[in-house]
Amino acid sequence: MFQEGSTIEYTLLVLLSLSIALPALSSRTGIPVLGILARWVRWFFIAALFTFLIEKGGISSRPQWVHMLSGLALWFLLETGYNWIAIKALSRSELPLFPSFEINHDGDEWPADNRAIDLKEWLRKNRFKRLGALKSELYEGTYLRASVYQSPDELSRLHILFLPKRKGEASACFTLTTLSKGGERIITDNHYLPYGGYYPEAWHLCRKPLIGSLPRLLKLHHNRLLRSNIEPVVMEDDPLEELNDQQRILERINTETGFLIPRSYQEEEGKISSEGRYRLWKEMWLLAYLGKPVCV
């Protein structure tokens, strides 16, 4: 598999460089598939480095493919252990899993970057009506912000969720919702954070974390509406009340299904049940390496 000398070192250097450059490029361009490619490259870099060190040190004389598989398995175990520790910390933390929102009066609704400016211009040109700005404090000084818009025909509602990142930056996720006359919800979003939980039966959710473009996501949502043959109705609910109602419904559903532990036992056992932790771990892997959620 590897040649002797500088060729091996050059291959490792290329893999290492790609594993560093691709995430930065993904963040800058808004192309999620580059981030997934970076994780695969990193995985094979670890396996190749493991193989190189084993053979360089004369530790084993087994075939290279055995060393590669061992390196892949080693990284799987290490990352799995890290993910389980993160899930346990989340379960025991004060971070709300279904946070409640309030009106954002601070004027910091949108991040100050070119992508946000282009997005606002696209919404204006396509006659989306702004309904308001909301926020939720995750922990001291860190807020989850949302901007709510209505489609020109008033039949679909758009939530733009700004997820906080390092250095005060934020990444945008989109949720498009249409309500039917019979009370069903057609929901299309591109959220990339692991969820792992359950949704009400009347919520028909399609999650596409690899679609970073709002126009593409909107087109997908319209196609789903045409295929569903539902009779959409105008969404007249107050954006704040609607969003908080959805959060309460999701918390109740996930408690009833066993994903969450009842509030009276959470102080002792944490917020997420053993089944919920497994589903969350599974979705973390699916999203990280396939860009696919576990539930939808």
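How many residues lie between β3 and β4 in their hairpin, and which residue in the turn has a positive phi? The legends below take up this and other views of a predicted model.

**View 1. The hairpin of β3 and β4.** There are 5 residues between the two strands. Glutamate 154 sits in the turn, with a positive phi of about 65°. Strand β4 covers residues 156–164. β3 and β4 run antiparallel and are paired over 6 bridges. One place to look is glutamine 150, whose bridge partner in β4 is arginine 157.

View 2. Strand β2 takes in residues 129–139. Its pairing with β3 is antiparallel, with 9 bridges. Find lysine 135, and then arginine 145, its bridge partner in β3. This hairpin has 2 residues between the strands. Here glycine 141 takes a positive phi near 85°.

**View 3. Strand β3 and its cover.** β3 spans residues 142–150. Strand β2 pairs with β3, and so does β4. Is β3 mostly covered or mostly open? It is mostly covered, with 7 of its 9 residues buried.

**View 4. Histidine 159 in strand β4.** This histidine belongs to β4. Is histidine 159 buried or exposed? Its relative accessible area is 8%, so histidine 159 is buried, because the cut-off for buried is under 20%. Look for its contacts beyond four places in sequence. They include Ser147 and Val148. Cys173, Phe174 and Thr175 also touch histidine 159. Glu242 and Leu243 complete the list.

**View 5. Glutamate 79 in helix α3.** Helix α3 runs over residues 64–92, and glutamate 79 is part of it. Relative accessibility at glutamate 79 is 13%, so this residue counts as buried too. Which residues does glutamate 79 touch, leaving out those up to four places away in sequence? They are Arg42, Trp285 and Tyr289.

**View 6. The whole chain, for context.** The protein chain holds 8 helices and 7 strands. Its C-alpha trace spans about 70 × 50 × 40 Å along the principal axes. Of its 296 residues, 44% are buried. Take the contacts with a separation of 6 or more: 57% of them link residues 24 or more positions apart. The chain exposes about 17100 Å², and carbon and sulfur atoms supply 56% of that area. Charged side chains number 36 positive and 34 negative. The centres of these two sets lie 6 Å apart.

Notes:
Residues are numbered from 1 along each chain as its sequence is written. This is a predicted model: local features need pLDDT of at least 70, side-chain atom pairs count only at pLDDT 80 or more; totals for chains, interfaces and linings use all residues. Side-chain values use heavy atoms; hydrogens and water are left out. Helices (H or I, at least four residues) and strands (E, at least two) are DSSP runs, numbered from the N terminus. Buried means under 20% relative accessible area, exposed over 50%, partly exposed in between (1.4 Å probe, protein chains only). Contact means heavy atoms within 4.5 Å. Two strands pair if DSSP finds at least two bridges between them. Accessible areas come from the Shrake-Rupley method with a 1.4 Å probe; for residues, only the protein chains shown count as cover. Lys and Arg count as positive and Asp and Glu as negative; His and the chain ends are not counted. The place of a charge is taken as NZ of Lys, CZ of Arg, CG of Asp or CD of Glu.
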